[in-house]
Amino acid sequence: MVQNYIFDFGNVLTRFDIKELTAAAVDDEVLLSEISEVVFDRLYWDRLDAGTITDEEVKEAIQGRLSPEKAELACRAFDGWIGNLPPIPGMPELVEDLKRKGAKLYLLSNISESFAKGYSRVPWIRDLFALFDGLVFSGLLGLTKPGRDIFEHLLDKFSLSKETCLFIDDSYINIEGAAEVGIKGYLFDGDVEKLREYLETVE
């Protein structure tokens with residue numbers, strides 16, 4: 001029986017669309033694609049997730065790739081991305097319903113140290129995370145999914161039995177990583193009602 005629900009954040013609880021996030025700072029459609037691809041380049045974001053690069057170092061790298069005018073817009077988009085994250089419709093309500101039923105809720109996210117320290121400034125994220133029994137952010141640990149170490153860290157930190165856990169993520173590779181330590185996974189495809197129906201079969 002599942003008692004502990006482990007959620008990813010990006011594209012599970014929040015929509016993470018790089019053009020949408022960049023558009024908050026860039027209103028020129030011609031520049032939007034170019035700047036978003038630089039700002040959200042995995043070259044930087046994989047290192048942010050692993051805690052091996054700082055925000056300031058990212059912005060320095062961005063400035064080295066773009067003209068001063070474009071770099072100013074890009075850095076503005078980078079500085080503002082956390083505050084511009086939108087919830088996936090229906091997911092906060094699903095989390096609230098699980099909480100009301102007495103489930104234990106955990107977050108396991110590949111995400112930066114700056115997010116871990118700054119999310120509380122965003123009301124909907126702060127309120128949602130207040131429902132969770134534990135939060136694990138990769139950038140604070142230097143451990144990332146799909147590596148088994150971060151899953152084992154979560155199990156150990158919160159004294160969870162893997163047999164009672166369900167991990168919900170939008171990445172098949174991460175679902176496989178969870179399976180390697182014995183945690184059952186659900187590959188989220190954006191369909192909240194389908195997830196809700198599935199959860200009713202494992203409660």
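Helices (H or I, at least four residues) and strands (E, at least two) are DSSP runs, numbered from the N terminus. The model is predicted, so local features need pLDDT of at least 70 and side-chain atom pairs count only at pLDDT 80 or more, while totals for chains, interfaces and linings use all residues. Residues are numbered from 1 along each chain as its sequence is written, and side-chain values use heavy atoms, with hydrogens and water left out.

Start with the sheet. Five strands form an open sheet with parallel pairing, in the order β3-β2-β1-β4-β5; two strands pair if DSSP finds at least two bridges between them. β3 (134–137) and β5 stand at the edges with a single partner strand each, so one side of each has no neighbour in the sheet. From one strand to the next, the twist averages 20°.

Strand β2 (residues 104–109) pairs with β3 in the parallel sense over 4 bridges, and L107 stands opposite L135 in β3. Between β4 and β5 the chain passes through helix α11 (residues 172–180), making a right-handed β-α-β crossover. A crossover is right-handed if, with the strands pointing away from the viewer, the path from the first strand over the helix to the second runs clockwise.

Helices also lie on the sheet. Helix α6 (residues 91–100) lies across β1 (4–7) and β2 and runs at about 160° to β1. Helix α10 (residues 148–157) packs on the sheet and touches β1, β2, β3 and β4, its direction making about 150° with that of β2. Contact means heavy atoms within 4.5 Å; axes are lines fitted to C-alpha atoms, for helices over the stretch in contact, and angles run from 0 to 180 degrees between N-to-C directions.

N11, in the loop between β1 and α1 (18–23), has a positive phi of about 65° although it is not a glycine. P146 is in the loop between α9 (138–141) and α10, and a cis peptide bond with omega of about 10° joins K145 to P146.

A pocket is an open set of points on a 1 Å grid over the protein atoms alone, where a 1.4 Å probe fits, with protein on both sides within 12 Å along at least five of seven lines; lining residues have an atom within 4 Å of a point. The lining has 23 residues, and D8, G10, R42, D49 and N110 lie nearest the centre of the pocket. Helix α3 (residues 42–50) gives the most to this lining, with 5 residues.
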